Amino acid sequence: MKVLLINGSPRAKGNTFIALSEVANTLQAEGIDTQIIHIGTQPVRGCVACGACRKNNTHCAFSDLLYDQLRQILDEGIDGLVVGSPVYYAGPNGALCAILDRVFYAASSNFAFKPGASIVSCRRGGASASFDRLNKYFTISNMPVVSSEYWSMVHGNTPEEVVKDVEGMQTMRTLAKNMAWLLKCIEAGDKAGIERPQREAKINTNYIR
């Protein structure tokens with residue numbers, strides 16, 4: 001089993017990385033492989049609603065290194081996803097949301113029935129709103145959302161301060177253990193012949209009649 005962790009911070013080894021590393025280390029202790037991808041500081045194109053990815057059932061019309069890297073990992077197969085972000089103006093990093101918009105829309109079938117979790121890092125406030133925003137990617141994609149014993153956030157102005165947030169770090173470890181447990185339950189269910197939910201044909205409606 002493999003879990004992909006996306007570091008949505010422009011800082012490769014910053015506060016978000018510290019939190020994600022705690023999750024990754026705990027998952028590895030549970031016998032689950034992990035891979036952390038850093039979105040970096042390069043410009044990221046946002047979705048322009050061109051529909052090209054749906055028309056030809058392929059990748060996004062825009063091709064950039066980060067998107068191509070994520071699509072390759074998703075196409076090769078993952079069993080779970082953890083998305084981490086710093087808090088900017090009570091929301092996740094805009095570059096992270098831009099790439100997630102494109103990847104989730106173009107590759108929605110790669111996420112269905114795979115556990116997802118989000119974590120956020122902030123100095124003081126805005127964590128709950130950011131946490132809620134990231135979880136919406138999972139709840140529109142048929143993904144079980146993994147929770148912890150508290151909302152998955154850490155606090156600190158520096159990586160050293162995040163490490164001292166002992167409750168936050170414990171929340172990261174609990175999140176990882178819960179994800180490992182769910183992944184093993186799903187694997188056991190597959191081996192026992194328990195079928196995954198059959199999806200109905202998609203129905204789209206407008207609210208204005």
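Helices (H or I, at least four residues) and strands (E, at least two) are DSSP runs, numbered from the N terminus. The model is predicted: local features need pLDDT of at least 70, side-chain atom pairs count only at pLDDT 80 or more, and totals for chains, interfaces and linings use all residues. Residues are numbered from 1 along each chain as its sequence is written, and side-chain values use heavy atoms, with hydrogens and water left out.

**Exercise 1.** State how many helices and strands the protein has, and give their order.

Solution. Step one is the count: seven helices and six strands. Step two is the order, which from the N terminus reads β-α-β-α-α-β-β-α-β-α-β-α-α. Step three concerns the overall form: the radius of gyration (taken over C-alpha atoms) is 17 Å, close to the 17 Å from the globule rule (2.2 Å times the number of residues to the power 0.38) for 209 residues, so the protein is as compact as a globular protein of that length.

**Exercise 2.** Describe the extent of the C-alpha trace, the burial and the contacts of the protein.

Solution. Along its principal axes the trace spans about 50 × 45 × 40 Å. Next comes burial: 46% of the 209 residues are buried, where buried means under 20% relative accessible area, exposed over 50%, and partly exposed in between (1.4 Å probe, protein chains only). Last, take the contacts (heavy atoms within 4.5 Å) between residues at least 6 apart in sequence: 77% of them join residues at least 24 apart.

**Exercise 3.** Compare the span of helix α1 with its expected span, and say how much of α1 is buried.

Solution. Helix α1 covers residues 15-29, which is 15 residues. As to cover, 11 of the 15 residues of α1 are buried, among them F17, L20, V23 and L27. Just after α1, G31 has a positive phi of about 85°.

**Exercise 4.** Locate F113 and N142, and give the phi of each.

Solution. Start with F113, in the loop between α4 (94-106) and β5 (116-122). The phi of F113 is near 65°, positive in a residue other than glycine. Then turn to N142, in the loop between α5 (127-139) and β6 (153-155). N142 is not a glycine either, yet has a positive phi of about 60°. With a relative accessible area of 39%, N142 is partly exposed.

Methods:
Expected span 1.5 Å × (residues − 1).
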